[in-house]
Amino acid sequence: MDNKIYFFGGMTKKYPAGTNDFFYLDVSIPFNLDSTLLIVDLSNDARQIYPHYNGVSTICGPNKDTIFLICRVSKESFSYRFINNKEWVPGTVISNVQWSSAVCNKNGSYIYIYGYPDNVNKYMMTISIDTTHWNTVSYEFNITNSLAPEILLPDGRIAYIGERINGLWVNFRNIYIYDTNDGTWRNMSTSGIEPSLRASHTAVLTQDGLIIIYGGINKMGSPVPDQISVLDTKVDPFTWSFPNIDPAPSSAPFSDHTATLVGNYMIIAFGHTTDDVFSDQIHMIDVSEKNNYKWVKSFTPIITKTAKSAIIGGTSGSIATTPNNTKIAYPAKSPGADHAAIIGGTTGGIATVIIIISVSYLLYCRKKTLIYAPQAKHAINC
């Protein structure tokens, strides 16, 4: 939002119950991942919000200028709006459901959230956006397994990228699609070789209709062998493929990370590099050449007039819109993130939006403190 990537909340090794840290990275300037990156701390603006992780959020409203955060901590749910880059305002308390994803429709009038209170019941809730309150209408639907997080496609359909087995592992063969235009559901059997069963992965949508799956762990808790897969949503049925890419850097996370697509760059932040090591670093994949992706460190913003949203993830969500080719870097202090929940919304034709609810711990500094954070494992003082 306004050429800023926002990070909020998340679990860290020091704070396993979650945090309410809140900060952003200005993405209107070039980056190199080996250089120092500028972070602005807004944590004092968010102290009234429960510390948490695995929250969902989206940017919505007529002007696409409001962040909506929806979380459950223990058995309590809460929601907030961050309005006009100024303040967090409590929203209507929502039923005690573990919401797994949220998207805003194209005109900013509705938020669609999906979740489940247990392994039997599943809910989709429609939130009608108003300047003063939320109107909620929830209903149950007949889908056997829990759905993986969602991505809003440019034509207004919501694609749930796979279904969960035993509430955790995602099978990518069947894709459930909800059409926000007419309120109908479709169960699509995809073609091609689908990604292996996994959890704790992310997914983003490119400008040309490709959904990129990155990372994840198998049932043994090990990294999946096929770390990157692509789903083409421009064909019917949707079709899976594997792009060419060099092996990931040893420092790149393989689970519980965040992923954000900005322009032709997929920015991967935080997460786990091993079972018990949190990452505090940023990595980036250039996806500009179809079927040939590459790990890169340099990034140059390219201002565009329109912005399209991406989104979702496995355990971590992800979102992205496309104003500039931008990059996120991590302010140090504690190690990176455990379960990153990063979710995004859609953007209109004027503003571009980028949101991330990340897993990372930001040193508590004074309001709007400027922090220069090296791309390295060093603490910062303020």
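So, which residues have the most contacts inside the largest nonpolar core? They're Leu25, Ile282 and Met284, in a core of 18 residues. Before I go on, what you see is a predicted model, where local features need pLDDT of at least 70 and side-chain atom pairs count only at pLDDT 80 or more, while totals for chains, interfaces and linings use all residues. Residues are numbered from 1 along each chain as its sequence is written, and side-chain values use heavy atoms, with hydrogens and water left out.

Okay, back to the core. By nonpolar core I mean a set of buried Ala, Val, Leu, Ile, Met, Phe, Trp, Tyr and Cys residues joined through side-chain atoms within 4.5 Å. Buried is under 20% relative accessible area, exposed is over 50%, and partly exposed is in between (1.4 Å probe, protein chains only). At least two core residues each come from strand S1 (4–8), strand S2 (22–26), strand S4 (37–41), strand S24 (265–269) and strand S27 (282–289). S24 gives the most, three residues. Strands here are DSSP runs (E, at least two residues), numbered from the N terminus.

Now, look at S24's partner. S23 (258–262) runs antiparallel to S24, and five bridges join them; for strands to pair, DSSP has to find at least two bridges between them. Leucine 261 stands opposite methionine 266 in S24. The hairpin has two residues between the strands, and glycine 263 there takes a positive phi near 65°.

Is S23 buried or exposed? Five of its five residues are buried, so S23 is largely enclosed by the rest of the structure. Thr258, Thr260 and Val262 point one way, Ala259 and Leu261 the other, and all are buried.

Aspartate 256 lies in the loop between S22 and S23. Its phi is near 55°, a positive value in a residue other than glycine, and aspartate 256 is buried, with a relative accessible area of 5%. Asparagine 291 also has a positive phi, near 70°, and it isn't a glycine either. You'll find asparagine 291 in the loop between S27 and strand S28 (292–296). This one is partly exposed, at 36% relative accessible area.

Last stop: where's the cis peptide bond? It joins aspartate 236 and proline 237, with omega about 5°. Proline 237 lies in the loop between strand S21 (228–232) and strand S22 (239–241).

Definitions and conventions
Helix = DSSP H or I, 4+ residues; strand = E, 2+ residues; numbered from the N terminus.
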